[in-house]
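Please keep the structure in view while reading.

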Amino acid sequence: MEESFLRAPYGVNLERVYGHVVLTHLAGPFVVGIDAGGTSTRCAVMTLSGALAGSGSGPGANPNSGGDTAGALTTALSAAVGDLDRSLILNGVFGIAGAGAAGRPAAVTAARRAWRAVGLRGSPAVVTDIAVAFAAGSSAPEGIVVFSGTGAGAAAISDGAIKRRADGYGWLVGDEGSAVWLGREAVRAVLAAYDGRGAPTLLAESVPRALLGAARLTALGVPVVRSARHGHGFRTSRETSRGRTPAMVMAGLGGGGVQQVQPGPTATLERPIVTPNVALTQAIIKEVYGRPPAALGRLGPVVSAAALAGDPVARRIADEAAEWLLMDVAAVRSAIDVGSPPVVMAGSVLGSGPVSDAVHAGLRERFAVDPTRAGDGALGAAGLALRRLGMR
């Protein structure tokens with residue numbers, strides 16, 4: 001790094017120590033990194049030496065999930081920059097969910113609005129949050145990132161650009177294995193259990209509690225009791241009177257009439273018995289449709305907890321999520337030229353829990369790779385900003 005590069009245009013206070021040019025304080029120059037997902041936005045301001053000079057956060061910024069992109073970026077950026085000298089901010093990289101080809105124009109416009117709103121000159125580079133996720137877990141120029149948070153998918157990354165991707169198409173037509181997908185599948189399983197189309201599940205108690213809260217459930221007249229006698233944990237009038245679960249009844253319906261079926265495996269733990277009613281079902285539906293789709297992501301941990309507790313329905317949902325993510329990796333792997341590319345696991349779902357464990361094990365078994373987990377995406381974006389300056 002040339003001394004004139006810093007002193008002339010930016011007026012940085014430099015001095016020589018033991019023959020080396022060093023910064024005498026943390027007043028800059030700086031770069032900015034933002035990781036803007038569907039649930040939250042994080043911003044980091046970093047010095048050229050890699051020291052963190054400021055951080056901030058804001059709400060979700062993915063317009064495809066109902067976020068106010070410009071507002072979320074401005075909130076996080078303003079908090080991170082604080083009272084730093086804005087003239088010393090050299091550049092920035094914004095990793096924004098939904099900033100692929102289809103959503104790029106809107107993402108770039110929102111990023112520039114936020115940049116100007118905070119009083120910064122120039123404009124930031126805009127990439128997808130997928131590229132930022134890989135940079136947050138690996139310094140290699142090429143590799144694969146598999147991600148599951150509000151969105152889900154996998155991508156082959158080369159020099160900060162996506163060479164090939166699988167899924168990450170948004171909650172309506174894709175994102176299988178994401179927290180939102182887990183939440184949607186959980187709600188579907190609960191409603192099916194309530195009306196007799198699906199198997200009994202621990203989720204029948206935990207999902208409405210997470211969505212509505214205990215006080216509201218009580219107001220809706222939903223009693224929740226516990227009984228060790230009913231191991232499956234959910235009882236309907238059909239089951240009580242006939243001795244069969246709704247899943248057993250529905251499984252026997254086929255072209256040849258009712259068949260003899262065996263009940264599926266159930267966990268050997270005490271389960272809650274919930275007596276559903278029309279008011280409860282409608283309250284769940286109103287809650288789900290009354291919020292942005294990304295809000296379903298809060299049910300991801302509920303599914304994980306039920307799966308870890310041994311609930312067969314929750315285990316099936318978690319296993320299916322992991323399988324989708326592993327298929328994503330298989331779909332993009334051939335785009336990387338190196339024989340054994342690094343793989344980064346990113347996103348809240350892949351931080352810990354049954355989906356994370358299954359994906360980690362699957363990557364080792366199927367692809368002979370020991371994956372790493374991504375760190376802070378905002379720091380990964382700031383690292384990309386440094387790389388654009390030739391600092392890394």
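Two strands count as paired if DSSP finds at least two bridges between them. In β5, the bridge partner of Ser40 is Pro59. The model in view is a predicted one.

Strand β4 (residues 40–47) and strand β5 (residues 52–59) are joined in the antiparallel sense by 7 bridges. Together β4 and β5 make a hairpin with 4 residues between them. In the turn of this hairpin, Gly50 has a positive phi of about 95 degrees.

Strand β3 (residues 30–36) pairs with β6 in the parallel sense, over 7 bridges. Ala36 has Ile96 in β6 as its bridge partner.

Two helices lie across this sheet.

Leu88 is found in the loop between α2 (69–81) and β6 (89–96). Leu88 has a relative accessible area of 8% and is therefore buried, the cut-off being under 20%. Between Leu88 and Gly28 there are 60 residues in sequence, but the C-alpha to C-alpha distance is 5.7 Å.

**The sheet of β8 to β14**

Another open sheet has 5 strands in the order β10-β9-β8-β13-β14, again with mixed pairing. Its edges are β10 (161–167) and β14 (372–373); each has a single partner strand, so one side of each is left without a neighbour in the sheet. Strand β8 (residues 142–148) and strand β13 (residues 343–346) run parallel and are joined by 4 bridges. Within this pair, Val145 stands opposite Val344 in β13. Helix α13 (residues 354–367) lies across β8, β13 and β14, at about 175 degrees to β13.

**Helix pairs**

Two packed helices are described by the angle between their axes and the distance between the axes. The table sets out these values for two pairs.

| Helix pair | Axes come within | Crossing angle |
|---|---|---|
| α2 and α3 (residues 104–117) | 8 Å | roughly 35 degrees |
| α5 (residues 179–195) and α6 (residues 203–212) | 9 Å | roughly 120 degrees |

The crossing of α2 and α3 is right-handed. On the α2 side the contact is made by Thr69, Ala70, Leu73, Thr74 and Leu77, which meet Ala110, Ala111, Arg113, Ala114, Trp115 and Ala117 in α3. By class, the residues of this contact are 8 nonpolar, 2 polar and 1 charged.

The crossing of α5 and α6 is left-handed. Ala186, Val187, Val190 and Tyr194 in α5 meet Leu203, Ala204, Val207, Pro208 and Leu211 in α6. This contact has 9 nonpolar, no polar and no charged residues.

**Helix α11**

Which residues of helix α11 (residues 300–308) are buried? They are Gly300, Val302, Val303, Ser304, Ala306 and Ala307. These buried residues pack against α5, α6, α12 (312–332) and α13. Just after α11, Gly310 has a positive phi of about 100 degrees.

Most residues other than glycine have a negative phi. Asp167 is not a glycine, but its phi is positive, at about 65 degrees. Asp167 is part of strand β10. Is Asp167 buried or exposed? With a relative accessible area of 7%, Asp167 is buried.

Ala368 also has a positive phi, near 55 degrees, in a residue other than glycine. Its place is the loop between α13 and β14. Ala368 counts as exposed because its relative accessibility is 64% and the cut-off is over 50%.

Terms used. Residues numbered from 1 in each chain as written. Predicted model: local features only at pLDDT ≥ 70, side-chain atom pairs only at ≥ 80, totals over all residues. Heavy atoms only, no water. Contact = heavy atoms within 4.5 Å. Axes fitted to C-alpha atoms, helices over the stretch in contact; angles between N-to-C directions. Left-handed = near helix turned anticlockwise from the far one by under 90°. Nonpolar A, V, L, I, M, F, W, Y, C, P; charged D, E, K, R; others polar. Buried < 20%, exposed > 50% of the residue type's maximum accessible area, 1.4 Å probe, protein only.
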